[in-house]
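Reader: I would like to learn how to read helix packing in a model. Where do we start?

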Amino acid sequence: IEGFLNILEEKQDILRVILMESMKRSPVNDFIYKTIEGIIDRIFSSIEKAEADAIGDREFSMVLEFFTGIMPLVSYVVYHESWMARFGMQEQGLRERFIKAFIGTHFRYSSEAYTKPLPVDAVVEAIRDAEGHTKKG
């Protein structure tokens with residue numbers, strides 16, 4: 001999750017604009033949709049057919065990963081600085097609490113919804129690809 005947040009924080013100003021523009025029903029939020037498509041494509045292409053069948057409905061996966069996976073991460077990145085200022089929290093403390101909450105919600109539900117664990121490395125690579133990052137290592 002730290003990796004996801006780090007990648008998104010590099011683009012936090014752009015994400016703020018995307019969120020504001022998406023309220024206007026503008027096509028500018030293509031980055032977010034391309035990211036979710038890349039993640040779902042990477043998940044389904046990096047696993048065996050039997051595992052894909054176990055994961056099930058691709059559209060359900062898109063809804064699950066977009067609304068309970070990506071959007072909470074984007075919200076954290078967009079709001080964490082003003083949250084720290086408003087509530088007097090330090091970044092590390094806020095981040096640790098967010099990650100704990102995120103794991104307890106999205107990851108816990110995902111582990112129940114999917115009968116096989118998701119290929120987390122493939123998800124990270126999909127986000128990096130959507131951002132134009134290259135694989136490190």
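**Helix packing around H5**

Author: The model is predicted. Start with the residues of H5 that meet H6: Phe 60, Leu 64, Glu 65, Thr 68, Gly 69, Pro 72, Leu 73, Tyr 76, His 80, Trp 83 and Met 84. On the H6 side the partners are Glu 91, Leu 94, Arg 95, Phe 98, Phe 102, His 106, Tyr 109, Ser 110 and Ala 113. Sorted by class, this contact of H5 with H6 has twelve nonpolar, five polar and three charged residues.

Reader: What describes two packed helices?

Author: The angle between the axes and the distance between them describe such a pair. For H5 (residues 58–87) and H6 (residues 91–113), the angle is about 170° and the axes are 11 Å apart. Angles over 145 degrees count as roughly antiparallel, so H5 and H6 are roughly antiparallel to each other.

Reader: At what angle do the axes of H1 and H5 cross?

Author: Roughly 55°, with the axes of H1 (residues 2–9) and H5 coming within 10 Å. H1 is therefore oblique to H5. The crossing of H1 past H5 is right-handed. Phe 4, Leu 5, Leu 8 and Glu 9 in H1 meet Leu 73, Val 74, Tyr 76, Val 77 and His 80 in H5. By class, that contact has seven nonpolar, one polar and one charged residues.

Reader: Which residues of the largest nonpolar core touch the most other members?

Author: Leu 5, Leu 15, Leu 73, Val 74 and Phe 98, out of 24 residues in that core. H1, H2 (12–22), H3 (30–45), H5 and H6 each supply at least two of its residues. H5 gives the most, nine residues. Leaving out residues up to four places away in sequence, Val 74 touches Leu 8, Leu 15 and Leu 19.

Definitions and conventions:
Residues numbered from 1 in each chain as written. Predicted model: local features only at pLDDT ≥ 70, side-chain atom pairs only at ≥ 80, totals over all residues. Heavy atoms only, no water. Axes fitted to C-alpha atoms, helices over the stretch in contact; angles between N-to-C directions. Helix = DSSP H or I, 4+ residues; strand = E, 2+ residues; numbered from the N terminus. Parallel < 35°, antiparallel > 145°, perpendicular 65-115°, else oblique. Contact = heavy atoms within 4.5 Å. Nonpolar A, V, L, I, M, F, W, Y, C, P; charged D, E, K, R; others polar. Left-handed = near helix turned anticlockwise from the far one by under 90°. Core = buried A, V, L, I, M, F, W, Y, C linked by side-chain atoms within 4.5 Å. Buried < 20%, exposed > 50% of the residue type's maximum accessible area, 1.4 Å probe, protein only.
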